[in-house]
Amino acid sequence: AIGKATERNRAKRLLRETFRLSQLPLNALHRKYDWVLNGRRRLVTAKVSNSLEEFEKILAAVAGYENDSE
C-alpha cells in the first residue's frame, strides 16, 4: 500500500487523469469493463506520461484479447 494520505491522493489523481486521457481507446473497446487498479509506491513519483504508457499496454492487450475471441 502507498503510505501517507498525500501520496495516496496523488496516486488517485494520477490514475484518474490517465483514465481521462484514455477515453478514446477505452470507448473503442467492444465490451465495457470494470477496471481495478492497484497503485504501487513508484506511482507516487511517476509522471502522467509513464502512467499513460503503462495503461496503453494494458489496453492493447485487452483489445488483442477481444479480437482473438471473435
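**The aromatic cluster**

Guide: Phe19, Tyr33, Trp35 and Phe55 are linked into a cluster by ring pairs. Please keep in mind that this is a predicted model, in which local features need pLDDT of at least 70 and side-chain atom pairs count only at pLDDT 80 or more, while totals for chains, interfaces and linings use all residues. Residues are numbered from 1 along each chain as its sequence is written, and side-chain values use heavy atoms, with hydrogens and water left out.

Searching the whole structure gives 4 aromatic pairs, where rings of Phe, Tyr and Trp (its six-membered ring) pair if their centres lie within 6.5 Å, and planes under 30 degrees apart count as stacked, over 60 as edge-to-face and the rest as tilted. One of them joins Phe19 and Trp35 edge-to-face, at 6.2 Å centre to centre with 70° between the planes. Because Phe19 belongs to helix 1 (residues 5-21) and Trp35 to the loop between helix 2 (23-28) and helix 3 (48-68), this pair ties together parts 16 residues apart in sequence; helices here are DSSP runs (H or I, at least four residues), as are strands (E, at least two), numbered from the N terminus.

The rings of Phe19 and Phe55 have their centres 4.8 Å apart and their planes at 45°, so this pair is tilted. It links distant parts of the chain, Phe19 in helix 1 and Phe55 in helix 3, 36 residues apart.

As for accessibility, buried means under 20% relative accessible area, exposed over 50% and partly exposed in between (1.4 Å probe, protein chains only). Phe55 is buried at 4%, whereas Trp35 is partly exposed at 27%.
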